[in-house]
Amino acid sequence: MPEHFTPRAILVTGGAGFIGSNFVNSFMAGNPGCRLVNLDVLTYAGNLENLKGVENNPSYRFVKGDICDGGLVARLLAEERIDAVVHFAAESHVDRSITGPEIFVRTNVLGTQILLEESRKHWQAKAVPEFRYLQVSTDEVYGSLGDTGFFTEETPLAPNSPYSASKAGADLLVRAYHETYGFPTLNTRCSNNYGPYHFPEKLIPLMIHNIMNKKPLPVYGDGLNVRDWLHVKDHSVAIECVLKKGAPGQVYNIGGNNEWRNIDIVNLVCDLLDAKLGRAPGENRGLITFVKDRPGHDRRYAIDASKMRRELSWEPSYTFERGIAETIDWYLANQEWVGKVTSGAYRDYYDRQYGVKP
Ligand code: NAD
Ligand code: DAU
């Protein structure tokens with residue numbers, strides 16, 4: 001399939017976070033002719049350690065700043081002659097949105113509106129010949145499924161947590177900017193990612209981290225909630241594909257067709273780490289502790305990604321078997337990174353949640 005759009009200067013927001021940094025690293029490796037400006041305010045989830053491989057690349061520029069700062073966004077768009085925005089920056093953790101929703105509305109809704117508005121003005125001023133705005137969103141905007149079925153791009157939005165409501169609000173603004181102004185938007189909605197640089201407040205890296213440190217493994221409720229897991233590198237490739245080949249105004253679901261019950265994932269990680277850490281078979285499973293359920297906990301997510309396959313010829317390259325083994329190896333080899341990101345503010349948050357140190 002031919003490429004429809006070749007970006008020359010791209011503004012990535014939230015490029016120091018988990019998915020953003022994986023995207024920056026892979027995009028810069030595959031697109032040496034493209035300028036990349038990374039705007040990130042560096043919350044607890046943003047980490048420049050993730051970007052060591054690109055920091056000296058002359059095509060790369062990091063700017064520490066807030067997407068809610070419209071003046072800064074406008075200046076960057078103009079001075080770098082940006083022709084594509086890929087918007088990752090967000091508050092991303094559901095549990096945090098339950099205890100403190102306000103920052104989710106500020107960053108995820110207001111931040112998106114400011115970015116959209118400054119990008120629209122830049123595009124309407126014809127500062128560059130062609131422009132794309134890509135909103136990185138989530139399957140959580142669709143709400144929860146029963147035992148069967150899949151989310152398609154036509155599934156109505158029915159978010160259940162403050163996080164997913166804020167992401168749905170942002171998606172609706174993206175839709176409105178396309179409908180109202182003809183602004184060339186793209187909107188991706190992806191399932192749960194896993195892989196390197198995943199902050200250890202999320203299920204898979206938290207379990208790896210706690211197993212290594214022989215801490216309890218908190219499983220919410222009955223552990224039977226289902227998530228569809230995709231390797232973050234497959235997500236990065238999918239986003240690049242949508243940016244270059246996607247049709248403006250469209251939504252694209254991205255997923256791994258890889259459903260797992262939480263308890264099965266936790267058992268798998270326990271067993272793989274028994275072997276890798278030289279522990280007795282079954283030893284790590286002894287750390288599993290069922291805890292109070294997450295309020296409003298979505299039961300099942302499953303993505304129908306056939307539009308990505310059919311229209312853009314994208315499909316995941318990782319098997320889960322390979323991806324999870326590599327991910328565990330990455331955490332074993334990068335304990336210094338884990339130590340850095342789990343210090344300070346994160347420790348305080350974790351203490352309040354569980355009363356134990358991570
Ligand atoms: P993350 O929490 O790891 O990273 C978020 C990044 O955004 C951090 O670097 C943070 O510093 C930055 N940021 C936050 N507020 C900002 C602001 N006001 N201005 C500038 N930067 C700011 O998140 P992630 O897991 O990498 O998710 C990235 C995006 O992908 C989010 O929009 C999320 O909703 C979406 N998404 C995530 C998943 C997943 O499984 N993690 C799945 C689907 C979609
Ligand atoms: O589906 C995409 C979404 O995936 C993204 O939009 C979010 O940004 C991302 O954080 C993720 O949300 P989840 O809530 O699905 O991810 P989390 O890792 O927090 O939880 C995965 C599942 O594991 C969920 O059913 C809750 C459960 N869980 C989580 C944690 C942290 C536990 O049982 N114990 C835990 O300690």
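Ligand 2 is surrounded by 24 residues, a residue being near a molecule or strand if one of its heavy atoms lies within 4 Å of it. The closest are Thr138, Asp139, Tyr163, Arg294 and His297. An N or O atom in the side chain of Thr138 is 2.7 Å from an oxygen atom of ligand 2, and a backbone N or O atom of Ser92 also lies 2.7 Å from an oxygen atom of this ligand.

Residues are numbered from 1 along each chain as its sequence is written, with chains lettered from A and ligands numbered from 1 in the order in which they are written. As this is a predicted model, local features need pLDDT of at least 70 and side-chain atom pairs count only at pLDDT 80 or more, while totals for chains, interfaces and linings use all residues; side-chain values use heavy atoms, with hydrogens and water left out.

By class, the shell around ligand 2 comprises ten nonpolar, eight polar and six charged residues (Ala, Val, Leu, Ile, Met, Phe, Trp, Tyr, Cys and Pro count as nonpolar, Asp, Glu, Lys and Arg as charged, and the others, Gly among them, as polar). Its largest share, three residues, comes from strand S8; helices (H or I, at least four residues) and strands (E, at least two) are DSSP runs numbered from the N terminus.

Ligand 1 is surrounded by 28 residues, of which the closest are Ile19, Asp40, Ser92, Tyr163 and Lys167. Backbone N or O atoms lie 2.8 Å from a ligand oxygen atom at Ile19 and 2.9 Å from one at Thr43, and a polar side-chain atom of Tyr163 lies 2.6 Å from an oxygen atom of ligand 1. Taken alone, ligand 1 exposes 840 Å², of which the protein buries 96%. Two or more residues of the shell are given by each of helix H1 (18-30), strand S5 (132-138), helix H5 (162-181) and strand S7, with S5 giving the most, three residues. The shell has 13 nonpolar, twelve polar and three charged residues.

Seven strands form an open sheet with parallel pairing, in the order S3-S2-S1-S4-S5-S6-S10; two strands pair if DSSP finds at least two bridges between them. Its edge strands are S3 (60-64) and S10 (251-254), and the twist averages 20 degrees from one strand to the next. Strand S2 (residues 35-40) pairs with S3 over five bridges, among them that between Leu39 and Val63. Helix H5 lies across S5 and strand S6 (185-190), at about 155 degrees to S5 (axes are lines fitted to C-alpha atoms, for helices over the stretch in contact, and angles run from 0 to 180 degrees between N-to-C directions).

A second open sheet has three strands in the order S7-S9-S11, with mixed pairing. S7 and strand S9 (residues 226-231) pair in the parallel sense over three bridges, and Asn193 stands opposite Leu230 in S9. Helix H7 (residues 232-245) packs on this sheet, touching S7 and S9, where contact means heavy atoms within 4.5 Å. H7 also lies across S1, S4, S5, S6 and S10, running at about 145 degrees to S5.

Technical notes
A polar contact is a pair of N or O atoms within 3.5 Å; within protein, one must be able to donate a hydrogen and the other to accept it, and residues adjacent in sequence count only if both atoms are side-chain atoms. Accessible areas come from the Shrake-Rupley method with a 1.4 Å probe; for residues, only the protein chains shown count as cover.
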